[in-house]
Amino acid sequence: MTEGHTIGEVLNLLRQDFADVSISKIRFLESEGLIRPGRSESGYRQFSTEDIERLRYILTAQRDRYLPLRVIKEELSRVDAGLPPEPETSARPQTHRRVDASDDAALLSDVVLDRTELAHASGLGVEDVDALVTHGLLDGTGPFDGVALRTARLAAELLRRGLEPRHLRAYRLAADREIDRIEQLVLPMLRQRNPESRRAAATTAEELVALGAQLHRLLVEARLDDTLRS
């Protein structure tokens, strides 16, 4: 094997097109098995030209097609086997399609986005993402997952209709109060520490969330109807 690039050199090459790529992200992709750089005699990573192109493929798929790592890994496995990246019959996500906030794809557990990627995927500005973190709508301690993406997309729709990030804090506070009420009801079941009680607690919690959402919608619609008729 010819001498390759160090991880620092790879980082400099990739940052021309991917401003937020980091050494930790490259190492994470390696730990997930998406890239397999060689090692020098002293144990340092050595990236070939093919490794760098593979990284470009992964980062582009995340940035432009918002694909979770699981799907990217499947595509790379097909490429490694000499097949097209995806079956011709499969539907490739559209980069600029309008995404419904209830889209189940947004909840994939292996979605991993950084701050800039989340902004791009949700249609928000980076400053809006920061504001959502400040007001408690998003957790800013680490990479953003599918739940964060769905939250950001919902927030983006509300912001487009005239609300400001500070207004959305009320939703977080209401959610916290609802969780407190639900915990009071299900904690006695959880304390029993047997599978049946835990399943009952989960079912009860889900039912309370669903019924609470319906009641909230009905109350808001009733008040809104009064306002529109006045």
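1. Leu-173 counts as partly exposed because its relative accessibility is 38%, where partly exposed covers the range between buried (under 20% relative accessible area) and exposed (over 50%), computed with a 1.4 Å probe on protein chains only. The residue belongs to helix H8. Its C-alpha lies 9.8 Å from that of His-135, although 38 residues separate Leu-173 and His-135 in sequence.

2. The model is predicted: local features need pLDDT of at least 70 and side-chain atom pairs pLDDT 80 or more, while totals for chains, interfaces and linings use all residues. Residues are numbered from 1 along each chain as its sequence is written, and side-chain values use heavy atoms, without hydrogens or water.

3. What is the overall make-up of the protein in helices and strands? The protein has nine helices and two strands; both are DSSP runs numbered from the N terminus, helices being H or I with at least four residues and strands E with at least two. Along the sequence, the order of these elements is α-α-β-β-α-α-α-α-α-α-α.

4. The protein contains 230 residues, of which 31% are buried. Among its contacts (heavy atoms within 4.5 Å) with a separation of 6 or more, 57% are accounted for by residues 24 or more positions apart.

5. Where in H8 does the kink lie? The kink, of about 35°, is at Gln-184, shortly before the proline Pro-188. The bend is the angle between axes fitted to the seven residues ending at a position and the seven starting there.

6. Pro-165, Leu-168, Ile-182 and Val-186 are buried residues of H8. Which helices do the buried residues of H8 pack against? Their partners are helix H6 (126-134), H7 and H9.

7. Arg-193 is located in the loop between H8 and H9. Its phi is near 55°, a positive value in a residue other than glycine. Most residues other than glycine have a negative phi. Is Arg-193 buried or exposed? Arg-193 counts as exposed because its relative accessibility is 70%.

8. Val-10 provides an example from helix H1, which comprises residues 7-14. Because its relative accessibility is 0%, Val-10 counts as buried. Which residues are in contact with Val-10, once neighbours within four places in sequence are left aside? They are His-5, Ile-26, Phe-47, Ile-52 and Leu-55. Ser-22 is twelve residues from Val-10 along the chain, and the C-alpha atoms of Val-10 and Ser-22 are 9.9 Å apart.
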